[in-house]
Amino acid sequence: MTREEKSIVIKDLTTKLADSSNVYLADISGLNASLTSDLRRACYKADVKLMVVKNTLLAKAMESTDKEFGDLTSILKGNTSIMLSETGNAPAKVIKNFRKKNEKPILKGAYVAESVYVGDEYLDALVDIKSKEEVIGDIIGLLQSPAKNVVSALKSGGGKLSGILKTLSQREE
């Protein structure tokens, strides 16, 4: 690869890293062509971009962004694949589901919502991170809860003021 080609790859990687809020680094070495194809298909369905990258080029791209990748550059050894996603837990879910039948991919590290995770032991924690849509759904559910309680109080009290007061007083206790 010429110096110009390397420069183009680094620039492209830098742009992709800057545009992604969630970056996972994984080891997929040892997967045969069929399993690699299955993994790529699983990533595509989960809206995760999977790329195999050269460690030195990825390290230079990480240094070129304004993001703080912390210790992630220190784990760039051996085979490294990069998984990019807009949903924080999507790559972790893909890895976990794929490993139900295979030993790989192994999570090397992740940059999720400006936090750095190094090591495969964080996989379960990363799976449990809620997406933006899940958090919004939880908030909407919590906001609707008091309104539902008032409506149910009106129904249970037969629409009478005494039923409402009784229900509200029981809630305060």
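Two strands count as paired if DSSP finds at least two bridges between them. The model is predicted.

Now widen the view. Five strands form an open sheet, and the pairing is antiparallel. Their order is E2-E3-E1-E4-E5. Strand E2 (49-53) and strand E5 (115-118) are the edges, each pairing on one side only. On average, neighbouring strands of this sheet are turned by 20 degrees against each other, direction ignored. Strands of a sheet pair through backbone hydrogen bonds, either parallel or antiparallel.

E2 pairs with strand E3 (residues 80-85) in the antiparallel sense. Five bridges join them. Within this pair, Val53 faces Thr80 in E3.

Next comes strand E4 (residues 106-112). On one side, E4 pairs with strand E1 (residues 22-27). That pairing is antiparallel and has six bridges. Leu25 has Gly109 of E4 as its bridge partner.

E4 and E5 form a hairpin, with two residues between them. Ala113 sits in the turn and has a positive phi of about 50 degrees.

Is E4 enclosed or open to the outside? Buried means under 20% relative accessible area. Six of the seven residues of E4 are buried, so the strand is largely enclosed by the rest of the structure.

Leave the sheet for the loop between helix H3 (55-64) and E3, where Thr65 is found. Thr65 has a relative accessible area of 11%, so it counts as buried. Its side chain makes contacts with backbone atoms on two residues. The side chain of Thr65 reaches the backbone oxygen of Met62 at 3.0 Å. A polar atom of the Thr65 side chain also lies 3.4 Å from the backbone nitrogen of Lys67.

Finish at the surface. Helix H6 (residues 132-156) holds Leu143. Is Leu143 buried or exposed? Its relative accessibility is 63%, so Leu143 counts as exposed, because the threshold for exposed is over 50%.

Terms used:
Residues are numbered from 1 along each chain as its sequence is written. This is a predicted model: local features need pLDDT of at least 70, side-chain atom pairs count only at pLDDT 80 or more; totals for chains, interfaces and linings use all residues. Side-chain values use heavy atoms; hydrogens and water are left out. Helices (H or I, at least four residues) and strands (E, at least two) are DSSP runs, numbered from the N terminus. Axes are lines fitted to C-alpha atoms, for helices over the stretch in contact, and angles run from 0 to 180 degrees between N-to-C directions. Buried means under 20% relative accessible area, exposed over 50%, partly exposed in between (1.4 Å probe, protein chains only). A polar contact is a pair of N or O atoms within 3.5 Å; within protein, one must be able to donate a hydrogen and the other to accept it, and residues adjacent in sequence count only if both atoms are side-chain atoms.
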